[in-house]
Amino acid sequence: MTKRPLILITNDDGINAPGIRMLITIMNTIGDVVVVAPDSPQSGMGHAITLDSTLYVRQVKLGNNSQPEYSCSGTPADCVKLAIREILDRKPDLCVSGINHGSNSSINVIYSGTMSAAIEAGIEGIPAIGFSLLDYKWHADFEACKPYVKKITEEVLKNGLPEGIILNVNIPNISGHNIKGIKVCRQAKANWVEEFDKRKNPQGKDYYWLTGKFVNLDHGEDTDEWALENGYVSVVPTQFDLTAHYYIQNLNNWNLNA
């Protein structure tokens, strides 16, 4: 018999989030699952790690499935680090993060706790995928995600990923029969135009709420934003090496002698 792959599951919405519960259901059809996820929502944490406070992990029993589950007081990246170093008895064959409640396309990948958990696994040499649904509601309907999450996962397990490559998968918020398929894309050039809503608390002290709107500056038809707007699941190969390799020679032509 072929040995079932060991799959580490994490997220940034918290271990009780409906998105991760759906991901657990899907992954149980593919391999042996271990869940290590934050005990509370950690959206927008990026690749933060806990340095100045203690970390707590406890085993929990949620739902009717039999897979081991652990809730962690830290960030998504903390969860992956602890899973690899303290909880698992061997390196997982795959790490999947999500399914996130909301988009992680384009520039959102920089801020995403979901993708940072997957990237942390990639740093450790583990094939990894971050999954997101473009619906921020807590009780979002994840049914349409099922076949795409399963297919992409199975293809990664079959084909592997090059070292340092992580897949960023976003699924449009439309009914399953309206999804046209999967497109491999590049990350769109887009950003948030941000504002701060300034208010005063009852003691007269200023405080702020971050607001803003997402602006797509990229009109290419090969981007994740185009794919999602046109009813496709977007798959972007992502890397954690942020070096602008093309510019190294330009810098070498500068006079940098002090």
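**Close-up views of a predicted chain**

**View 1. Helix 2 and its buried residues.** In helix 2, which spans residues 76-87, the buried residues are Pro76, Ala77, Asp78, Cys79, Val80, Leu82, Ala83 and Ile84, where buried means under 20% relative accessible area with a 1.4 Å probe and protein chains only. Helices (H or I, at least four residues) and strands (E, at least two) are DSSP runs numbered from the N terminus. The model is predicted, so that local features need pLDDT of at least 70 and side-chain atom pairs count only at pLDDT 80 or more, whereas totals for chains, interfaces and linings use all residues. Residues are numbered from 1 along each chain as its sequence is written, and side-chain values use heavy atoms, with hydrogens and water left out.

**View 2. Packing partners of helix 2.** The buried residues of helix 2 pack against strand 1 (6-10), strand 2 (32-38), strand 3 (57-60), strand 4 (69-72) and strand 5 (94-101), as well as helix 4 (113-123), a contact being heavy atoms within 4.5 Å.

**View 3. The annotated span.** The unreviewed UniProt entry annotates residues 7-193 as "domain: Survival protein SurE-like phosphatase/nucleotidase", and such annotations may be inferred rather than shown by experiment. This span is 27% helix and 26% strand, with its end C-alpha atoms 37 Å apart.

**View 4. The chain around these elements.** Seven helices and eleven strands make up the secondary structure of the chain. Buried residues account for 45% of its 258 residues, and 77% of the contacts with a separation of 6 or more join residues 24 or more positions apart.

How values were computed
Buried means under 20% relative accessible area, exposed over 50%, partly exposed in between (1.4 Å probe, protein chains only).
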